[in-house]
Amino acid sequence: MKKNWLIAACVATLLASFGSAHGQSLDYGALARLFGEPVTTSVTGSPQRVSDVPATMQIITSDDIRRSGSRDIPGVLRHLADIDVLQWTNDDADLSVRGYDQVYSPRLLVLVNGRQVYADYYGFTPWSAIPVELSDIRQIEVVEGPNSALFGFNAVGGVINIITYNPLYDDINKAAVTGGTQGLAQGSAIGTFKVGDRAALRISAGGYRDDDFSTPIPPGMSSASRGGEYRGAVDLDGIVRLGQSAELRLEASHSQVQQNEVIPGYTFSTSRYESGSAMARLSAETSVGIVRATAYSNWLQEITPTASGLGDLHNQVTVLQLQDISKIGAGHTVRASFEYRHDTVDTTPFSGAEVFYDVVAAGGMWAWDIAPSLSFTNAFRLDTRFLGRDGPAPPGYPFSNADWNRTLVEPSFNSGLVWHVDAEDTLRLLASRGVQIPSLVQNGAFVSVSPFLGVTGSPTLAPTVVTNYGLGWDRTLPRFGARLRLTAFQERTTDIVSDTGATILTPTIPFAVSTNVGDSTANGLELGLGGRSAGHWRWNIADRAEFVADHLAPGLSNLAAITDFQRTTPADIVTGHVGWSEGRWEADGFLRYQTRSFGFLPSGASFVLTPISDYVALDARIGYRLTERVSLALSGQNLAFATQTQTSGAKVERRILGTITVGF
């Protein structure tokens with residue numbers, strides 16, 4: 001109990017040293033040095049250690065990212081047992097938290113500095129198009145379970161929040177060059193420019209060219225040849241202090257990507273993405289609390305050849321957010337929030353129309369420090385979505401534009417009780433309800449008509465709701481320099497949406513449309529143990545055991561609906577890590593074991609489930625600091641085998657990378 005009072009006093013002292021720091025961005029580095037561990041502000045808006053957060057959360061630090069030996073964000077995240085990974089091609093992967101992974105996985109909300117990079121129009125994250133370089137990331141926060149009341153809709157499986165370095169506090173200037181197998185040539189550079197302590201700008205840019213895996217594409221998935229793969233991205237992040245109590249942050253980014261990927265329908269394609277974003281965020285300390293106003297716009301074009309023709313999706317989302325965080329006495333923190341969102345996409349391959357929605361959301365959070373060792377946090381949010389469609393429709397189309405005139409109102413909540421039982425033990429009791437709204441494609445942005453069959457979405461879909469209950473126990477083991485974490489959870493998913501599964505008969509041709517296909521339940525247990533030993537060693541081992549049971553609508557074939565989470569979610573994922581550092585050297589090895597599961601493959605007009613044997617994947621990295629400014633690294637993924645089956649798609653190949661990093 002005395003320890004918690006001391007921590008609270010240290011935080012207050014540190015914040016006071018910033019002046020009116022709440023109206024300005026926080027120095028994550030200073031907070032991490034104070035606590036001896038990374039700190040987050042994402043969940044409640046106040047600085048917290050992971051053990052204090054009213055959610056199940058992990059933080060991947062910049063050191064973890066470097067030591068992973070990975071060249072992209074999915075490669076970093078695959079070292080966590082709680083992350084499911086489908087590595088389809090050299091540059092394309094789909095990720096989820098706590099199972100339910102699939103092509104264009106929709107259940108994981110991904111943010112960069114609080115700005116959404118999750119693409120609502122198709123309900124997925126194009127990882128390669130995120131305009132962030134690995135060396136630009138301070139930490140990656142992984143929040144598990146439904147968190148819609150805290151982060152917004154679509155945060156039903158979990159949240160990935162990528163925090164980049166703050167140019168005011170972090171003077172990052174470096175360049176890196178990587179070469180490796182699959183013809184990889186990759187480079188990045190980051191520069192920070194400061195005007196005293198009042199303003200700063202960080203510019204980062206990077207790109208690569210490489211080849212896809214050369215392993216055969218399974219029959220039925222595609223007869224197309226692989227295209228060349230490349231990526232280019234640039235990001236500008238500027239901060240200006242406006243007096244002692246306010247700050248303005250401006251960000252702009254752009255990326256261009258071409259990659260081989262597996263798209264919904266489990267078909268292989270070479271897709272191109274072009275994305276851009278602009279964001280402005282004003283934070284100020286006022287008489288009514290810490291007020292933050294954010295406005296951003298994302299635009300993205302995806303061009304993907306499909307069996308129905310060239311898919312050309314133009315999407316733009318504009319978001320306005322306002323929140324106010326205030327303290328009421330010594331033990332209560334209150335946050336009020338408001339959000340407006342406009343999201344629109346052009347129809348394809350039948351063009352000339354657009355499907356769109358507006359969302360108005362209001363929410364609140366109350367964090368109550370009942371005692372120095374006990375806290376209770378509750379958050380509630382109400383989203384109201386107005387769906388619409390403009391433009392022509394093809395002959396025989398089963399809907400009129402008036403069918404899109406629909407209003408949806410959905411609540412979400414998050415509750416967490418955190419009890420520091422003693423100096424070693426912390427208990428966490430969690431309950432939450434998250435909402436995943438249908439994507440714009442599922443709502444009818446995809447419109448394909450042939451002489452025999454039409455394919456489209458539906459405006460009548462119900463949202464998917466995930467309800468979660470969790471119990472967590474953290475125990476520090478000072479004698480061994482370790483920490484044990486155990487979490488049990490139960491999730492119920494209702495009204496799962498599938499891109500296919502229903503048929504509407506019209507006087508001309510039948511239309512295959514998106515539909516709600518049923519419910520699913522999952523019971524799981526997460527176990528993690530890790531720490532440091534003998535000063536030079538670091539280690540951890542983790543296991544995610546999960547048992548999924550689907551309850552599909554009577555008479556519905558899971559093969560027609562491409563829905564079978566019960567058999568496509570592996571029952572166990574085990575990860576292990578051993579690392580060592582001394583002097584100029586550091587070395588790390590990673591293991592990932594996944595039990596037997598299944599994956600989908602197209603077969604004529606339907607799909608078949610194909611078995612995926614259990615497998616072990618080994619990654620490793622060795623690094624050497626040549627000088628204070630120059631370092632060398634050699635790393636590899638899937639080292640145990642030249643090729644390995646990890647999905648229903650093409651086998652993955654061994655990857656070997658060499659990197660030179662120079663600071664300036």
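**Entry 1: the whole chain**

I began with burial: 56% of the 664 residues in the protein chain are buried, where buried means under 20% relative accessible area with a 1.4 Å probe and protein chains only. I note that this is a predicted model, in which local features need pLDDT of at least 70 and side-chain atom pairs count only at pLDDT 80 or more, while totals for chains, interfaces and linings use all residues. Residues are numbered from 1 along each chain as its sequence is written, and side-chain values use heavy atoms, with hydrogens and water left out.

Next I looked up the overall size. The C-alpha trace spans about 75 × 55 × 45 Å along its principal axes.

I then counted eight helices and 36 strands. These are DSSP runs numbered from the N terminus, helices being H or I with at least four residues and strands E with at least two. Of the contacts between residues at least 6 apart in sequence, 63% join residues at least 24 apart, with contact meaning heavy atoms within 4.5 Å.

**Entry 2**

Two strands pair here if DSSP finds at least two bridges between them.

Inside this order, strand 4 (residues 108–112) and strand 7 (residues 158–164) run parallel and are joined by five bridges. I found Val110 opposite Ile160 in strand 7.

**Entry 3: around Val578**

Which residue stands opposite Val578 in strand 28? I found Trp539 there. Strand 27 (residues 537–552) pairs with strand 28 (residues 572–582) in the antiparallel sense, over nine bridges.

Strand 28 also runs antiparallel to strand 29 (residues 585–594), with ten bridges. In strand 29, Gly589 is the bridge partner of Val578. Two residues lie between the strands in the hairpin of strand 28 and strand 29, where Gly583 takes a positive phi near 60 degrees.

**Entry 4: Leu31**

Is Leu31 buried or exposed? Leu31 is buried, at a relative accessible area of 0%. I placed Leu31 in helix 2 (residues 28–35). Gln48 is 17 residues from Leu31 in sequence, and the two are 9.3 Å apart in space, C-alpha to C-alpha.

**Entry 5: cavities**

How many cavities of 30 Å³ or more does the whole structure have? The search found ten. On a 1 Å grid over the protein atoms alone, a cavity is a set of points where a 1.4 Å probe fits but cannot get out, and lining residues have an atom within 4 Å of a point. Points are joined across faces, edges and corners, and a volume is the space filled by probe spheres set on them.

The largest cavity has a volume of about 1100 Å³. Its lining has 47 residues, with Ser42, Gly114, Arg281, Arg292 and Gln323 nearest the centre. By class I noted 19 nonpolar, 20 polar and eight charged residues in that lining; Ala, Val, Leu, Ile, Met, Phe, Trp, Tyr, Cys and Pro count as nonpolar, Asp, Glu, Lys and Arg as charged, and the others, Gly among them, as polar.

The second largest cavity holds about 390 Å³. Of its 30 lining residues, Gln102, Pro106, Gln442, Val497 and Asp499 are the closest to its centre. Strand 25 (residues 482–505) gives the most to this lining, with five residues.

Terms used. 1 Å grid on protein atoms, 1.4 Å probe; cavity = no way out; pocket = protein on both sides within 12 Å on 5 of 7 lines; lining within 4 Å. Buried < 20%, exposed > 50% of the residue type's maximum accessible area, 1.4 Å probe, protein only.
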